[in-house]
Amino acid sequence: MVQKSKPTLWRHPLGFLARADVFFVLLGWLMVILVVGTLAQASIGLYLSLQQYFYAWVWWVGGVPLPGGATTLALITLGLAVKLVRQRWRWRKLGTLLTHLGVLALLVGGFVMTLWTTEGNILLAEGEQTDFMEAPYRVELALTDTATGQDVAIFPQRVLASGATLTHPALPFSLQLQTYCRNCTLQRLATPRANPAARGLALNFELLPARWRPREEENIAGAIFRITGAEEADGLYGVFEFMPIPQTLKAGPYTYLVAMRAQRIPLPFSVQLVDFEKDTYPGTATARAYRSDVIVTDGAVQWPARISMNKPLRYKGYTLYQASFVEGAQDVSILAVVENRGRLFPYLSTFIIGLGLLVYLWQRLPGLWRP
Amino acid sequence: MRKWLILFLLSGGLAHAAALDLQGFATLPVVHEGRTKPLDTFARLQLINLSGRETLAGQPATHWLAQALFEREQAFVRPIFYIPNPDVVQALGLPPTATKRYSFKQVFLGLNGHRPVINQLQQQPVTALSLSQRQILDIQQKAVMFYNLTQAPPITVKTETWQKLGAAWRAGDATAWSQGLAAIQPVVAPRLAWEVLYNRVDPFRLSLALYIGVFLALLAGGLFWRRFWWRAGVALLVGGAVVHAFGLGLRVYIMARPPVATLYESILFVGLVVALCALVLEHRRRDGLGLFIGSVVGATLHFIGLRYALAGDSMPMLVAVLNTNFWLATHVLTITIGYGSALVVGLLAHIYLLQRWLNPQPKRLQELMNHMLAMSALALFFTLLGTLLGGIWADQSWGRFWGWDPKENGALLIALWFIWLLHGRLSGLLEPLFMAVGLLLTTVVVAVAWFGVNALGVGLHSYGFTEGVLTNLLLFCVLEGAFALILTGLIWRKERSRVG
């Protein structure tokens with residue numbers, strides 16, 4: 001496998017990375033990150049653990065910067081590439097070589113996919129149609145013209161912060177965020193807010209920042225903000241995700257709907273849910289299978305498709321799979337959407353790695369096994 | 001041993017040879033928890049739930065159920081409710097008994113005497129209750145369940161036919177009984193009949209007995225008739241593996257799906273993989289090492305499996321995402337073969353360290369190290385391929401290859417651990433002693449990835465976690481760590497003193 005390091009390797013600046021002992025340390029470190037990042041999921045959830053450990057260039061441990069998952073994997077990938085280039089290729093080493101090639105393809109593919117993958121969800125009740133997906137765990141503050149239903153201004157999560165002032169060329173007024181919390185607790189005020197300009201939610205409620213919960217969907221973003229420049233509509237407003245009562249404000253001839261909602265990512269086609277069905281095992285509520293019958297519309301072309309458990313719909317680089325559902329008066333189907341351009345990499349590399357390891361076993365096992 | 005086995009099988013058969021044909025009754029189809037199962041399985045589940053046992057006074061659960069259905073008054077006075085907590089016994093005003101089992105009548109009267117208290121307890125949230133209070137409510141629930149069980153036939157049947165069957169049972173009329181059964185189910189579905197056989201033969205307990213037999217043969221061989229006992233051990237291990245495989249095969253046939261989809265099934269399958277690996281090892285070494293590993297790991301896994309088997313129906317219906325798929329089957333089987341071979345490597349490493357401490361012969365140690373390396377390479381092949389195939393399944397089903405889900409990470413960790421150790425050894429960075437310590441700790445890595453991940457309670461794979469597993473897991477890790485540490489210390493001291 002890894003050859004003993006030779007002094008010549010030092011001549012190349014990257015040769016250092018191909019050394020066996022360096023790889024040994026890097027892989028050991030990767031295992032540490034893997035274990036810590038996995039354990040952390042119990043308290044911070046998958047999404048934050050990705051950001052802090054696996055996709056992170058730097059892992060901060062009590063103020064000390066240490067290499068994160070991305071850095072460690074990048075160094076291992078580079079080292080492997082250098083090693084493969086500089087190694088002499090021999091038949092005797094075919095198994096090792098193939099395996100290493102496969103791993104390199106897997107790692108490179110992993111980087112490509114991580115950079116190019118977009119994930120989201122589609123929630124549809126029967127009959128509803130959509131041409132966007134909702135990004136997981138990221139929110140946006142959107143102002144929509146109630147007359148046309150068109151979004152007028154959208155403020156993404158990265159500009160949302162307590163104290164920030166939000167302006168948009170299409171808006172005649174500005175928003176000053178008094179409070180913004182990615183996870184809020186709604187608290188009813190004992191007495192209505194003293195501020196005479198408070199409107200709607202802000203009149204009787206306060207939003208308090210709360211700890212981030214490991215079950216990501218339980219985090220509810222919200223904001224209390226002041227509108228200035230809208231004349232009589234000026235005042236203090238409040239919104240939060242999944243709010244039952246819409247918050248509107250009138251400025252000039254327009255009425256705006258203000259909403260804190262999951263960030264929307266447009267799709268190059270639209271999906272309409274025709275029918276959602278769930279099979280259960282006899283006499284139980286346990287689902288055996290569920291499926292959504294949808295109509296996909298792309299430009300002038302329209303066709304029906306069925307999405308069921310383990311049988312996703314793939315179109316234009318997007319994969320739509322049946323993730324979950326909400327049962328109620330009207331069933332809501334939850335489809336998860338992944339846009340993924342490097343799909344072939346893992347298949348190819350799994351094949352090469354499997355083949356390489358088989359050849360390796362064939363070449364090496366007899367020597368180890370025979371007396 | 002063999003004679004004993006035959007007796008064991010026969011005794012199981014004889015106990016069922018009652019005056020009435022229980023076999024026909026046992027195969028009646030019951031729809032329960034979403035699955036059509038033979039009445040035999042249903043009766044066992046009910047009896048285990050109530051009394052913690054599969055049989056009652058030497059009679060099969062089916063017999064008990066028949067009595068509960070057709071001779072209520074007698075069933076009501078049989079002691080079946082298992083109440084191990086003396087506080088609960090006292091609270092219900094029951095007399096203390098040696099068997100800790102009480103009849104429905106006793107429990108009913110006990111519960112009735114405390115009706116107001118129980119009503120009050122039922123108003124409280126479960127978390128506010130003490131252990132005995134929770135157990136009292138549990139007994140109350142079981143009593144209601146048992147009462148309901150006796151009130152209606154568990155199968156779909158005409159009332160008239162059912163009543164005739166009951167009359168035949170009470171009269172002990174074998175002809176009318178058989179006719180009644182035939183009227184309900186003229187032809188027995190083969191799957192149901194095989195499941196009854198599976199329940200009766202209990203292949204995994206049988207193979208557990210055989211694996212323990214292997215261990216005893218090894219012990220005996222250390223004292224006398226070495227050759228004879230070695231052969232007996234090999235025969236027993238082969239027998240155990242065959243019965244084990246037969247049991248798994250039966251399950252595949254009964255459920256009409258691949259053998260591994262639940263935690264319990266992964267334990268069964270890994271046990272078989274270990275037994276087979278052990279046989280291959282024994283074939284090569286012929287010194288009892290394979291027999292030792294096969295018997296110890298095989299029996300231990302069966303013991304763990306028994307705990308899961310008693311937790312409910314061991315053939316549950318699968319949640320939608322596990323509802324079968326080619327990639328899922330390949331992925332799970334490959335990765336569990338990896339777990340099995342990794343456990344064999346871990347056990348070999350224990351032996352290596354012991355041998356190096358007690359009886360260090362460089363040639364034999366070298367040979368053992370080579371065998372460990374060979375098995376590790378094999379384990380790496382299966383764990384790495386299994387992990388990648390899992391990714392492919394994820395891509396097929398969810399459109400993404402890798403999501404850093406705890407179970408995925410656990411599987412990856414085993415593969416990385418092997419990659420780390422093998423590269424360390426082959427590049428000479430790891431001395432054989434530390435290589436052996438690393439390989440020993442493989443058992444810890446496997447145990448954590450296999451059982452520990454479910455304890456996290458997050459992610460897509462957090463199925464099948466039961467209380468108490470975490471404690472046992474931690475204990476296991478500490479013991480293994482201590483073993484490695486102490487032996488390393490002992491070896492180090494001995495080898496240093498020899499050099500000095």
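A residue counts as buried under 20% relative accessible area, as exposed over 50% and as partly exposed in between. In this predicted model, Asp21(A) has a relative accessibility of 28%, so Asp21(A) is partly exposed. Its salt-bridge partner is Arg19(A), with an N to O distance of 2.6 Å. Arg19(A) is at 15% and therefore counts as buried.

Over all chains, the structure holds 27 salt bridges. Another in chain A pairs Glu241(A) with Arg182(A), at 3.9 Å from N to O. Glu241(A) lies in the loop between E11 and strand E12 (247-251), and Arg182(A) in the loop between E7 and strand E8 (184-188), so the contact ties together parts 59 residues apart in sequence. Both ends are buried: Glu241(A) has a relative accessible area of 7%, and Arg182(A) is at 15%.

In chain B, salt bridges link Asp40(B), Arg44(B), Glu54(B), Arg200(B), Asp202(B) and Arg205(B) in a network. Within it, the closest N and O atoms of Asp202(B) and Arg205(B) are 3.6 Å apart. Asp202(B) is partly exposed at 22%. Arg205(B) is partly exposed too, at 33%.

Chain A contains an open sheet of four strands. The strand order is E6-E7-E10-E11, and the pairing is antiparallel. Strands E6 (165-166) and E11 (235-240) stand at the edges; each has a single partner strand, so one side of each lacks a neighbour in the sheet. Strand E7 (residues 174-181) is joined to strand E10 (residues 222-228) by seven bridges. Ser174(A) has Thr228(A) in E10 as its bridge partner.

Trp29(A) and Trp59(A) form a tilted pair, 5.4 Å from centre to centre with 35° between the planes. Trp29(A) belongs to helix H1 (residues 20-54) and Trp59(A) to strand E1 (residues 58-61), so this pair ties together parts 30 residues apart in sequence. Trp29(A) is partly exposed at 24%, whereas Trp59(A) is buried at 10%.

Chain B has a tilted pair in Trp169(B) and Trp177(B), with ring centres 5.4 Å apart and planes at 50°. Trp169(B) is buried at 9%. Trp177(B) is buried at 0%. One aromatic cluster is formed by Trp64(B), Phe76(B), Phe81(B), Phe104(B), Phe108(B), Phe146(B) and Tyr147(B).

Arginine side chains also sit over aromatic rings in chain B. Arg191(B) lies over the face of Tyr253(B), 5.1 Å from the ring centre. Arg496(B) lies over the face of Trp492(B), at 4.8 Å.

Key:
Residues numbered from 1 in each chain as written. Chains lettered and ligands numbered in written order. Predicted model: local features only at pLDDT ≥ 70, side-chain atom pairs only at ≥ 80, totals over all residues. Heavy atoms only, no water. Pairing = 2+ DSSP bridges. Helix = DSSP H or I, 4+ residues; strand = E, 2+ residues; numbered from the N terminus. Phe/Tyr/Trp six-rings, centres within 6.5 Å; stacked < 30°, edge-to-face > 60°. Buried < 20%, exposed > 50% of the residue type's maximum accessible area, 1.4 Å probe, protein only. Lys NZ or Arg CZ within 6 Å of the ring centre and 35° of its normal. Salt bridge = Lys/Arg side-chain N within 4 Å of Asp/Glu carboxyl O.
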